[in-house]
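Please read each point beside the sequence and the structure.

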Amino acid sequence: MRRIIVTGATSMIGVALIEECIKYGIEIYAVVRESSQKCSRLPESSLIRFVDCSLEYLDRLPEMISQKCDTFYHIAWGNTGENRNTSTELQSRNIAYTLEAVKAAAALGCKRFIGAGSQAEYGLLDLERISPESPVNPITPYGAAKLASGYLAGMLCKELGIECIWPRIFSVYGIYEKETTMIASGLRKMLAGEPTEFTPGMQRWDYLFSADAGRAFYLIGEKGRGGAVYCIGSGQTALLRDYIQKMAELTDYRNPGIGAKPYPKGAVMNLCADIDSLYRDTGFVPEYTFEQGIRETITWLKSQSTGDKK
């Protein structure tokens, strides 16, 4: 890769990907919402050019970017967060946004389009490890929209003569994670000395630090196999209660409230990414242990006056 486009550039994974690409001298067109207050999340670098363009206008990107590019990362996604499954119609719009991104990639000379799928595409699976070949049966609008986007992006890429790769993201945590997730909200409350409540925590979960996720996406761009689906995770699990106890230990927090609330309806009890094909094709191996990632996240949280500042 020499010159890439990244939508969702100021998201947790977008930032981590761009920071990784800068290490290798890759030029980046960072696509952000107009007047975004989050551009300061990205490092100051002559390699980054900001492009103000919301999801609704991705068809304009070929007019806004003057140079040919080789890889298009489509990470942006509308209507995310804890309320992402309250509207099927709103989630369905992301399918059209994804196809517009594919057309823009082809128009800009990209040879490769890389999306950002989700473990939600699998629905409720009780498997020791979930692989790219595991059956998909989404049970939420978000998961269904991700699955449809991946399928249709692959078909359109084939029509337009470019490669399509669809990584499915499992549980990523770390710098710029949304504040509503278990780890982000739990750490903030622990650091503030506020009460926390969790389920009994007997789920077996796979967590990957954001910097590792960014490196995985970089490696997929460099070495990934056209047409592949990859699972993005650590490939290892522990009980959720063990993760929570480690968070409490590292924040000097007592009585984290494990078991104070019931499991949610339809709770997934086993969620581990099978990253064998990702390793074979790209050489990706996580560099951060959970403890190292949590220490990095705590250091970052303590340095913030708001969640949006670098």
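1. Terms for burial and elements. A residue is called buried if its relative accessible area is under 20%, exposed if it is over 50%, and partly exposed in between, with a 1.4 Å probe and protein chains only. Helices (H or I, at least four residues) and strands (E, at least two) are DSSP runs, numbered from the N terminus. With these terms, the buried residues of α1 are M12, I13, G14, V15, A16, L17, I18, E20 and C21. Helix α1 covers residues 12-22 and is mostly covered, with nine of its eleven residues buried.

2. Basis of the model. This is a predicted model, in which local features need pLDDT of at least 70 and side-chain atom pairs count only at pLDDT 80 or more, while totals for chains, interfaces and linings use all residues. Residues are numbered from 1 along each chain as its sequence is written, and side-chain values use heavy atoms, with hydrogens and water left out.

3. Overall form. The protein contains nine helices and 13 strands. Its radius of gyration is 19 Å, close to the 19 Å that the globule rule gives for 310 residues, so the protein is as compact as a globular protein of that length. The radius is taken over C-alpha atoms, and the rule is 2.2 Å times the number of residues to the power 0.38. Along the principal axes, the C-alpha trace spans about 55 × 40 × 40 Å.

4. Burial and contacts as a whole. Of the 310 residues in the protein, 52% are buried. Contact means heavy atoms within 4.5 Å. Among contacts between residues at least 6 apart in sequence, 77% join residues at least 24 apart.

5. Strand β2 and A30. Residue A30 is found in strand β2 (residues 27-32) and is buried, with a relative accessible area of 0%. Leaving aside neighbours within four places in sequence, A30 is in contact with V6, A9, I18, L42, I48, R49, F50 and V51. One of these contacts, I18, is itself among the buried residues of α1. By comparison, A30 and A145 are 115 residues apart in sequence and 24 Å apart in space, C-alpha to C-alpha.

6. Aromatic pairs. Rings of Phe, Tyr and Trp (its six-membered ring) pair if their centres lie within 6.5 Å; planes under 30 degrees apart count as stacked, over 60 as edge-to-face and the rest as tilted. The whole structure holds 13 aromatic pairs. One of them, between Y173 and F209, is tilted, at 5.6 Å centre to centre with 50° between the planes. Y173 lies in strand β8 and F209 in strand β10 (residues 207-209), so the pair ties together parts that are 36 residues apart in sequence. Y173 counts as buried at 1% relative accessibility, and F209 is buried at 3%.

7. Ring pairs link Y173, Y207, F209, Y243, Y288 and F290 into a cluster.

8. Helix α5 and its cover. Which residues of α5 are buried? They are I183, A184, G186, L187 and M190. What covers them includes β8, β10, α7 (240-250) and α9. Just after α5, G193 takes a positive phi of about 75°.

9. T181 lies in the loop between β8 (171-173) and α5 (182-192) and is partly exposed, with a relative accessible area of 26%. T181 and S171 are ten residues apart in sequence and 9.8 Å apart in space, C-alpha to C-alpha. Y176 lies in the loop between β8 and α5 as well, but is buried, with a relative accessible area of 5%.

10. Backbone angles to check. Most residues other than glycine have a negative phi. Y176 has a positive phi of about 70° although it is not a glycine. Phi of D252, likewise a residue other than glycine, is positive and near 55°. D252 is placed in the loop between α7 and β13 (270-271). Is D252 buried or exposed? D252 is exposed, with a relative accessible area of 73%.
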